[in-house]
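Trainee: I have a new structure to read. Where do I begin?

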Amino acid sequence: MAENKSAQSDLADLLDGGCTTERAWELFDGLPAARVAEVTVGRWRGEELDTGHPMAGVLVASGWYGKQFDDPESVHPLLFADESGNIFAVDPRRVPLGLAGRVPLAGVQTARRLLPVLAPAIRTRRPTARLRDIEYRGAVSAAMVYDHLPIIDHFRRVDIDTLLGVMNMRGMTEPYFFVLRR
């Protein structure tokens with residue numbers, strides 16, 4: 001229990017003030033594994049852990065809400081919320097992830113205002129990822145494997161309702177850290 005309180009405190013400090021990639025790795029590597037069987041089914045709210053990554057602020061500005069785990073075979077890796085608060089799953093193949101960090105945040109915010117118009121083209125009801133236990137950085141832990149993109153999100157457990165994740169995308173030189181809360 002004390003270990004969880006320490007991890008929660010460390011994470012809160014990093015979320016409040018931003019952190020370096022090295023500090024984020026230190027926290028990630030020190031957390032216990034979150035096995036697939038332990039990851040709770042349901043909708044998880046996401047937030048960014050700002051390490052200065054080129055994608056910093058992009059997902060949040062675009063309306064990213066989080067992720068949804070229906071079961072290990074049925075995962076929605078990208079949930080978005082429009083300005084009215086309507087939450088919907090997006091097909092990651094239809095989101096220009098390669099442009100993240102290259103488009104000014106003002107352009108991303110404009111795209112968010114267009115979500116009601118863009119939603120029919122990017123929305124999906126089908127799951128587009130799966131959960132698997134995968135060894136990563138010395139621990140076997142839950143990972144979300146995207147069905148059609150070279151992306152794996154690896155998770156570690158902060159507590160029963162909080163996961164620290166890192167996006168591992170082919171060609172991305174810096175890790176992108178995020179937090180999921182149930």
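Mentor: We will go from the overall layout to single residue pairs. Keep in mind that this is a predicted model.

Trainee: How many helices and strands does the protein have?

Mentor: Count the elements before looking at details. Here the protein has five helices and nine strands.

Trainee: In what order do the elements run?

Mentor: Start at the N terminus. The order is α-α-β-α-β-β-β-α-α-β-β-β-β-β.

Trainee: What share of the residues counts as buried?

Mentor: Burial is read from relative accessible area, and the cut-off is under 20%. Of the 182 residues of the protein, 47% count as buried. The protein exposes about 9100 Å². Carbon and sulfur atoms supply 50% of that area.

Trainee: What part of the contacts comes from residues 24 or more positions apart?

Mentor: Take the contacts with a separation of 6 or more. Residues 24 or more positions apart account for 57% of them.

Trainee: Now a single residue. Is serine 74 buried or exposed?

Mentor: Find its element, then its accessibility, then its neighbours. Serine 74 is found in strand β3, residues 74-81. Its relative accessibility is 17%, so it counts as buried. Leave out residues up to four places away in sequence, and serine 74 touches Gln68, Phe69, Pro127 and Ala129.

Trainee: Next, strand pairing. In which sense do β5 and β6 pair, parallel or antiparallel?

Mentor: Look at the bridges between the strands. Strand β5 covers residues 129-136 and strand β6 covers residues 139-146. They pair in the antiparallel sense, over eight bridges. Take one example: leucine 131 has methionine 144 in β6 as its bridge partner.

Trainee: What lies between β5 and β6?

Mentor: Two residues lie between them, and the strands form a hairpin. Arginine 137 sits in the turn, with a positive phi of about 55°.

Trainee: How many salt bridges does the whole structure hold?

Mentor: A search of the whole structure finds 10. Let us take some cases.

Trainee: Which residue forms a salt bridge with glutamate 26?

Mentor: Arginine 23 does, and the closest N and O atoms are 3.2 Å apart. Both residues belong to helix α2, residues 21-30. They are three residues apart, so about one helical turn separates them. Glutamate 26 is exposed, at 52% relative accessible area. Arginine 23 is partly exposed, at 25%.

Trainee: And which residue meets arginine 137 in a salt bridge?

Mentor: Aspartate 29 does, at 2.7 Å from N to O. Aspartate 29 lies in helix α2, while arginine 137 lies in the loop between β5 and β6, so the pair ties together parts that are 108 residues apart in sequence. Aspartate 29 is partly exposed, with 35% relative accessible area. Arginine 137 is also partly exposed, with 41%.

Trainee: Where do aspartate 147 and arginine 130 lie?

Mentor: Begin with the distance again. Their side chains meet in a salt bridge, 3.3 Å from N to O. Aspartate 147 lies in the loop between β6 and β7 (151-159), and arginine 130 lies in strand β5. This pair therefore ties together parts that are 17 residues apart in sequence. Aspartate 147 counts as partly exposed at 31% relative accessibility. Arginine 130 counts as partly exposed too, at 29%.

Notes:
Residues numbered from 1 in each chain as written. Predicted model: local features only at pLDDT ≥ 70, side-chain atom pairs only at ≥ 80, totals over all residues. Heavy atoms only, no water. Pairing = 2+ DSSP bridges. Helix = DSSP H or I, 4+ residues; strand = E, 2+ residues; numbered from the N terminus. Salt bridge = Lys/Arg side-chain N within 4 Å of Asp/Glu carboxyl O. Buried < 20%, exposed > 50% of the residue type's maximum accessible area, 1.4 Å probe, protein only. Contact = heavy atoms within 4.5 Å. Areas by Shrake-Rupley, 256 points an atom, 1.4 Å probe, with all protein chains shown as cover.
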